[in-house]
Amino acid sequence: MEGNCFNQTVFLFTLLLAIAASSVRGHSTRVGFYSSTCPRAESIVKSTVKSHFKLDPTIAPGLLRMHFHDCFVRGCDASILIDGPNAEKTAPASQFLKGYKVTDDAKFQLECECPGVVSCADILALAARDSVVLTKGTSWAVPTGRRDGTVSKASDTDGNMPGFQDTVDVLKQKFAAKGLNTRDLVTLVGAHTIGTTACEVFSYRLYNFTSTGADPSINPAFVSHLQALCPQNRDGSRQIALDTGSADRFDTSFFAKLREGKGILESDQRLWTDVLIKTFVQRFLEVRGSLGLSFNVEFGKSMVKMSNIEVKTGTMGEIRKVCSKVNEY
């Protein structure tokens with residue numbers, strides 16, 4: 001959203017800064033951090049995400065992925081939003097992310113409402129939650145109080161971001177390095193219940209994966225379906241649903257697809273072939289049983305854990321005036 005907002009009076013600006021400074025005590029996030037300094041912060045982010053979602057529903061998975069990418073590199077500090085020739089957003093792993101206009105729009109509105117108070121990192125955390133809700137998922141309380149980082153390097157994604165060809169052991173190591181356990185891993189990968197990926201990301205599984213043809217972990221009938229969508233040596237940028245038939249709804253259908261051998265990404269399908277991890281997938285599909293787990297409930301818990309990875313609070317970092325500030329490094 002563009003336009004001019006009325007300048008705040010010096011008194012109001014000073015007062016807000018003073019209140020913000022007094023509220024940042026300790027070194028942790030908390031629910032309702034902006035209740036005094038910017039009471040409408042969460043509602044402004046929510047309405048902004050909703051308005052963009054109505055125009056383009058694909059921003060929901062985009063914002064959810066962006067928050068994930070942000071947290072796994074330098075912690076949840078909005079470094080993924082920073083512009084620059086060598087910034088995080090230029091890394092190969094981040095090339096298909098979308099939602100930058102949404103965070104910029106929300107930040108513009110928040111700067112008009114309460115200048116210098118709400119961080120871009122918190123905007124991203126809130127937007128990720130709101131995106132899940134808009135795709136029929138369950139809401140959760142988002143702790144806020146993060147501050148924004150000042151450094152963003154594409155090279156920092158190396159070795160930190162989980163990859164689509166990672167083995168289960170490598171995935172476990174990368175999640176464990178961020179304080180996340182195996183249940184968190186399975187739960188957060190479940191975010192692939194919404195959104196798409198490009199043919200070029202997974203088509204290697206369809207052709208000459210082995211001497212006899214496609215990846216044997218893919219359902220044979222599904223191989224033909226995917227080959228029709230992603231012909232060999234054709235447009236690799238074509239987007240394919242990660243959860244076939246349910247890419248716009250946040251549900252457990254993604255896990256059912258893994259059970260059927262219809263995981264699009266190699267790393268996703270491996271959640272079904274690993275004995276320990278398979279157990280969590282089965283529990284998400286058996287909610288009514290004694291060992292069942294509610295995916296929506298667990299997702300909220302894991303998102304809160306992830307959103308607190310290496311956060312900057314107190315006097316660390318800064319509160320950006322523009323989320324996509326030019327990288328200084």
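Visitor: Is helix α11 largely enclosed or largely open, and how many of its residues are buried?

Guide: The model is a predicted one. Helix α11 covers residues 266-273, and it is largely enclosed by the rest of the structure because, of its eight residues, the number buried is six.

Visitor: Is serine 267 buried or exposed, and which residues does it contact beyond its sequence neighbours?

Guide: Serine 267 is found in helix α11. Its relative accessibility is 7%, so serine 267 counts as buried. With neighbours within four places in sequence set aside, the residues in contact with serine 267 are Gly163, Phe164, Asp166 and Leu171.

Visitor: What is the relative accessibility of glutamine 269?

Guide: Glutamine 269 is also found in helix α11. A residue is buried when its relative accessible area is under 20%. Glutamine 269 counts as buried because its relative accessibility is 3%.

Visitor: Which residues does glutamine 269 touch, not counting those up to four places away in sequence?

Guide: Contact here requires heavy atoms within 4.5 Å. Once residues up to four places away in sequence are excluded, glutamine 269 touches Arg205, Ser217, Lys257, Leu258, Gly261, Lys262 and Gly263.

Visitor: How many residues of α7 are buried, and which are they?

Guide: Helix α7 is mostly covered, with seven of its eight residues buried. What covers them includes α3, α6, α10, α11, α12 and α13. The buried residues of α7 are Thr182, Asp184, Leu185, Val186, Thr187, Leu188 and Val189.

Visitor: Are cysteine 38 and cysteine 114 buried or exposed?

Guide: Cysteine 38 has a relative accessible area of 1%, and cysteine 114 has one of 2%. With the cut-off for burial at under 20%, cysteine 38 is buried and cysteine 114 is likewise buried.

Visitor: What is the handedness of the link between cysteine 71 and cysteine 76?

Guide: Cysteine 71 and cysteine 76 form a disulfide with their sulfur atoms 2.0 Å apart, and both residues are buried. The angle about the S-S bond is 120°, and the link is right-handed.

Visitor: What is the handedness of the disulfide of cysteine 199 and cysteine 230, and how far apart in sequence are the parts that the pair ties together?

Guide: A disulfide joins cysteine 199 to cysteine 230, at 2.0 Å from S to S. The torsion about the S-S bond is about -70°, so this disulfide is left-handed. Cysteine 199 lies in helix α8 (residues 199-202) and cysteine 230 in the loop between α9 (220-229) and β2 (239-241), so the parts tied together are separated in sequence by 31 residues.

Visitor: Which residues are closest to the centre of the largest pocket?

Guide: The largest pocket has a volume of about 1200 Å³. It is lined by 50 residues, and the closest to its centre are Arg65, His69, Ala93, His192 and Thr197.

Visitor: Which element gives the largest share of the lining of the largest pocket?

Guide: The elements that each supply at least two residues of this lining are α3 (59-72), α6, α7, β1 (196-198), α8, α11 and α13 (295-306). The largest share is six residues, and it comes from α3.

Visitor: How do the residues of this lining divide into nonpolar, polar and charged?

Guide: At least three lining residues come from each of domain 1 (40-157) and domain 2 (168-305). By residue class, the lining of the largest pocket divides into 26 nonpolar, 16 polar and eight charged.

Technical notes. Residues are numbered from 1 along each chain as its sequence is written. This is a predicted model: local features need pLDDT of at least 70, side-chain atom pairs count only at pLDDT 80 or more; totals for chains, interfaces and linings use all residues. Side-chain values use heavy atoms; hydrogens and water are left out. Buried means under 20% relative accessible area, exposed over 50%, partly exposed in between (1.4 Å probe, protein chains only). Helices (H or I, at least four residues) and strands (E, at least two) are DSSP runs, numbered from the N terminus. A disulfide is a pair of cysteine sulfur atoms within 2.5 Å. On a 1 Å grid over the protein atoms alone, a cavity is a set of points where a 1.4 Å probe fits but cannot get out, and a pocket is an open set with protein on both sides within 12 Å along at least five of seven lines; lining residues have an atom within 4 Å of a point. Grid points are joined across faces, edges and corners, and a volume is the space filled by probe spheres set on the points. Ala, Val, Leu, Ile, Met, Phe, Trp, Tyr, Cys and Pro count as nonpolar, Asp, Glu, Lys and Arg as charged, and the others, Gly among them, as polar. Domain bounds come from an automatic or database domain assignment.
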